[in-house]
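Notebook open, structure loaded. I want to go through the chain contacts, then the domains, then a helix pair.

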Amino acid sequence: MDLVLVNLIDGLVTGLLLFMLSAGLTLIFSMMGVLNFAHASFYMLGAYFAYQISVYLGFWMGLLVAPLIVGALGAGVERYGLRRVHQYGHVPELIFTFGLALLIEEVVQFIWGKDQIPYEIPGILEGAAFAIAGNTIPLYKVFMIFLSLAIFGGLLFVLTKTRVGMIIQAALSYPRTVEALGHNVPLVFMGVFGVGTALAGVAGVIAGPVLSTFPGMAVVLGSIVFVTIVIGGLGSLGGALVASLIIGWMTTFAKAYDMRMEDLLTWMGLTKPEPIWDSAWQDLWTLTSPQVADILPYLLMVLILIFRPYGLFGKRDV
Amino acid sequence: MTATTHKPQSADFAGGGVTLAGLAPWLIAVAFLLVMPFIFTSNSAITIMNQMAITIIFALSYNMLLGQGGMLSFGHAVYMGVGGFVCVHVMNWDGFFSGLPLPVLPIFGGLFGMGLALIVGSFSTRRAGTVFAMISLGVGELIAACSVIIVVFFGGEEGVSGDRTYGLPVFGIEFLQQIEVYYLIVFWLVLSALGMFLFSRTPVGRMANAVRDNPERAEFLGYSARWVRFYSFVAAGFFAGSAGGLFAINYEILTEENLNLATSGTILLVTFLGGVGFFFGPIIGAIVFTLLQTVLSLQTELWALYVGALFVATVMFFPGGLAGVIMMHVPPLVLGKLHLLVKPYIKVLVPGLVCILATAGFIEILFHARHAALGDDEMTLYWVTFSHLNPLPWIVTGGLAVGGFWLARRHAPELAEAWHEANTDRRASA
Amino acid sequence: MRKTTGIGLSAVMATLLAAGTASADTIKIAFIDPLSGPFASTGTNGLHQYEFAAETLVNEKGGVLDGDTFEIVAFDNKTSPKESLVQLQVAIDQGIRYVVQGNSSGVAHALTDAIEKHNRRNPDDRVLFLNYSAVDPALTNENCNFWHFRFDANADIKMDALTDVIAEQDDITKVYVIGQDYSFGKAVSSAATSFLGEKRPDIEIVGNELHPIGKVKDFTPYSRKIVSSGADAVITGNWGADMLNLGKSVIDNGFDGPIYTYYAAADGITAAFGESGKDRLRLVTEGQTNPPPNDRAAAYIEAFKAKYPDGNMSQTRITNVIEMLAKAINEAGTATDVVAVGEALEGMEHESMWGGTLYMRPEDHQLIQDVLITVHTNEGIDYDLDNSDYGQRMEHRIEMAGMDSPTTCKMRRP
C-alpha cells in the first residue's frame, strides 16, 4: 500500500512535467492549427540554456532567464519562419517545424557536443524530502510538483481573469470570429507561440537535471507530447492536464507492477507451451507490463482517435 | 496491380502522336538507367544506385499519400519494413524459396504491405488531416516498438537476415553480384513507377486529387472521400511493401531501423525536398538525398546539419521542392524567353553559391577549432590544407560569405525583374 | 529530369572512383562506426584511439613487412546496419581488406553476415572483420565465421568473471538483474542467472527484468522496485543514456548497494556520475589503466592524453587489435592475402601492453584475455576519465578468463 502512494507521487511528477509541455503545445495547436514538431526541441533548448547560464550565474538565474530566451526564440521562429510558411498551408507549416526540430538538434550538437552535459540539481534541493517505507522522495521532486502547480495556477489565472486571456480563449473556440472582431491575430499568434515555447523551456530547465541533458532528449519526449494533447482534446487545457496525469500514472504503474501476459493467458484457460523458446508464441507468453509501458499511450491514442476523434475533453474535431 | 498496368499503355500507343511525347521521358529514363552501370562501374557506385532506386519507389509510394491524396503520414516506413521482413522470411523458407525466382519476391512484400495497409487503412482513412497524421504516428510507433518485443518475426535488435542466392536461378543468373541485383531493381523500379503513374491517371487517382483539395465537393459529386483515400492508401501500401522486398534483396537484412519513426520522417523529408506537387518530384528528392547521405557524409561530419538547413530553407522558400523550381522554368521556356534569365542567374547564383560554400567552410573551421584534438590544428578544406590557428582562412571564408551574400542580394532585384519579364506574354497583353 | 542530376552524380562518383586505388605501401583499415548521431562521441573517441595506435605502435616503429604503414580510413555508419553495409561496399571498392567495428552488436551481426557472403561470392577481394567491442556471444557461437575475430571478451565471459567476484562476497544474498530489452540485455540476464545459480545457489534473484532500449525517460518506477525488493546488489548490461539514467535514479531513490555493470565509464558518463557513483559502480572490463600495469602503458596513455586532452583511453583493446594485426601480417608475409593473415591470427599468443597474455582461440576466434573488475572512484586514480578526477581503479584481475568456456561455433575454413 505504501508503494502505491510512492508510485502516485512519481506518476504525478511525470504527469505534471508532461503537462508543462503539452499546455503550451495545445495552446499553439488550437490557435494556429500547427502541430509544432519542434516543441520538444524548445524544451531541450531550455535545458541547455539553463545549463550554460548556471555555469556562470547559478541554477536560479538559469530558471529565470532561460525560459525567457527560449520564449523570445520561439516568437522569432513564429515571426520569421512560420508566418512565412503559413501562406502555403498547414502541411508545409508542420513540415517546417519537423525540419526545425532536426536543425535544432544538429545545432545543439554543434555547440555543446554530442555527450551528455553535467547539468546538476542545485545543492539546496539535493537530498530527500521524506521517506515512505524506505522509499525516499527527493526534495527536487517536491520542488517540481510545486513549481508546475504554480505555473498551472498562473496560466489559469491569465486565461480566465485577464483581457488577453479572454481573447486567447475566444480564439481557441472561434479563431475566425476573433479575427473578424479586429484583434491583431498575428500578434496574438506570436505571443502565444512565445509563451508556449517558454513553458516548454521551463519544463526543460527543471527536467534537465533529473532526466539528463543530452542531444537526444527532445526526440525521447517529442511524440509523446502530441499523444497527450490528442488524448486530452485539442484546445482544452483541462484535458491536457488530465491526459498528462493519466499517461504519467499509467506508465508508472505499468512499470512498477509486473503484470504478466502469462497470468492473463493462463486465466483465460490456455496452457503454456513447453519448452517456451521453441514456440512461435514465445513473445506473447513472456510479455510483461514494463516492456510495453512506454507504448501504452500510443495505443490509447489510436483507440481514442478511432472512437472519439475529438479527444477526452475537446469540443472541436482534431 | 502490375498486370493492369500494361493495358492503358497499349491503349496510349493506339492514341498516336500526343502520347509519344508523354512516353519520351519514360524511354529516356529507362535508357538512362540501363546505361548507368557502364559509366559507374564500381560496386559502391552500384550499391548507392540500388539504394537510390529503392528510395525512389518508396518516395513515390509516399507521395501517393502526401502529394496526390493530401494524407500526411508519419508511419509509412512500417509498410515497407513489414514487406521487407516478409521477404526475408520467404528467403529463409528453404523448400519454398529454392523454387521461386528471385525477381518475383517483391510481390510477396507488396502483398503483405498491402494487407497491413488494408487493416490500418480501414480505420485510419476515415478522416484526413490531423486525425490521419496522428493515427499514422501512433500505429508507426506501436509497430516499431513491436519489432523489439516480437522477436520471432522481427528478430529483435539484430534483425533478420537471409541469402538471396538460394532462390531459383533466372536464366542462369544467381544474383551473386551487385550489378545483377541492380538490373533486378531497375526492372521493378520501372514497373512500379509506371504503375504508380498510371494509378494517378485512373479515376480513383484523379478523385484522390479532388478529395485532397476539397473533400466536401467531392462528396457532393457522389464520391466517398473515405473510400477514395482508402484505395490510395492500400495502393501506396503495396508499392511500399514491394520497395521493402527490394531492400531485402539488396541488403539481405532487415532491422528495427526499417520500421522506426526516423525512417518514416526521412521519407517525408525526401519527398518534400523533391517536391510533392509533381509526379517526378520524389524521384529527384530520392536521388539528391541519397547522394547527400552517402557522399556528403564521407566528406564531413556535419552533413546532417547541412541537410537540415537545406530542408528548412526548402520549406521556407521553395515549398514546391526541387521539382517545383524546375517546373517554374517551363512558362519562360514555352514563351522562348529562357535566355533572358541566363545573365541575371549567373549574377545571383554565382555569388550565392560562393556565399553558401564559404559559410559551410567557416562552419567547418569553427567546428574543427572547437572539437579537434589539441595540437591537431591542421585541416583540409576544399583541397587546401591549413591550420585553424591561422586567422587568414577565417577572414577569407567569412569575407567571401559576407561578400557573396551582399552581391547576390544586390543583383536579386535584377533577377526578379528578368523573371517577371520572362514570364510575361507580350502577345497576350498586346 | 534525370539527366541534369546525372551530371552531378557523375562528378561525385568520379571522386569516389578516384579514391579507389589503394597505394602499395599503405595498408588501409576501414573504421566503420558512428561518427554522427547519438553515439558519435563513442565512435569519434574510438577513431582517435585507432589513429593513435596505428601511428605510435606501427608506423613510428617502421611499419610492417618492408616498411608498409597502417592507415585508418573512417566511415560513418550512423549506427545503422543498412548504412554500415553501404560503407562496407565503399571500403571494399577502395581496396581495403581490413574492417574494424565495435559499437552495437546489431551492426556487427549485419557486417559479419555481409562479409561472409561477400567473401564467398568474391574470392578475389576478401576482407577480414576485426570486431573490437560488440560482445553478443552469438557472434562467436552460432553466428561465427572464419572472417570474424573478436578482441573484446564476450558478454558470457565477462559475466563469468563478474559472478566469480560476486560469489566471494558473503554479504550479498539478494541480486536484482535489469537490462535493455534486446539480444545483449537478454544475454546478460540469462548469463547472470545461470552463473549465480551455479556458484552461489543461496543468492536469490529478487528481480529479473528488461525495459525498452533507449525509450525510458524516467527510471524511477524501476528504482522503486529495486529498493523495495531489498536487493543487495544490481547487475545490469545497460549502456549509454540508459546506464546513466538507471544508475542515477537507483542511487537517488535510496539504493545503497553496489551496481555491477559493463559500460559505465567515459563518454561523459564518468563525469556525470562523479561523486554520487563513488565506490558504487563496478565495471567488468579489460585493460588496466589504474594503476598502470607498466611504464610503457603509462607513457602510452600520457602521450595519448597529450594529443587528445578531451579524449579518453577507454578502449585499451584497440592497441591489441593493431599490434596483433601487425604481427599477423608480418607472420603471413603478406597484407593482401587475408586468408593467410587470418590463419596467422588464429591461435596467436601476444603479450598485451596492459599486462597479461592474449590468446586468439582458434575454435571460435574469441580473444582470451585477463578480465578486470574495476571500481568508479577518485582515490588512487592516475588516469581519470572525462577529466573529472574520477576513473576506474582495478580491484580484481581474472587471468585468461573464459579459457575453457564452451562454444557452439562450427568454424568453416576456406
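I count two residues as in contact if their C-beta atoms, placed from the backbone, lie within 7 Å. This is a predicted model, so I keep in mind that local features need pLDDT of at least 70 and side-chain atom pairs count only at pLDDT 80 or more, while totals for chains, interfaces and linings use all residues. Residues are numbered from 1 along each chain as its sequence is written, and chains are lettered from A and ligands numbered from 1 in the order in which they are written.

**Chain C against chain A**

I looked up the contact and got 29 residues of chain C touching 29 residues of chain A. On the chain C side, the elements giving two or more residues are α2 (40-58), β7 (204-211), α7 (220-228), α8 (240-252) and α9 (269-273). My helices (H or I, at least four residues) and strands (E, at least two) are DSSP runs, numbered from the N terminus. Which element gives the largest share of that side? It is α7(C), with seven residues. By class I get twelve nonpolar, eight polar and nine charged residues there. For the classes, Ala, Val, Leu, Ile, Met, Phe, Trp, Tyr, Cys and Pro are nonpolar, Asp, Glu, Lys and Arg are charged, and the others, Gly among them, are polar.

**Domains of chain C**

Domain 1 puts 13 residues into the contact and domain 2 puts in 15. On the domain 1 side, α2(C) gives the most, with three residues. That side has four nonpolar, eight polar and one charged residues.

**Helix pair in chain B**

Next I checked α14 (residues 281-299) and α15 (residues 303-317) of chain B, which pack at about 140° with axes 9 Å apart. Axes are lines fitted to C-alpha atoms, for helices over the stretch in contact, and angles run from 0 to 180 degrees between N-to-C directions. That makes α14(B) oblique to α15(B) (under 35 degrees is roughly parallel, over 145 roughly antiparallel, 65 to 115 roughly perpendicular, the rest oblique). Who meets whom? B:L292, B:L296 and B:S297 in α14(B) meet B:W303, B:Y306 and B:V307 in α15(B).

**Chain B overall**

Last entry: chain B has 20 helices and four strands.
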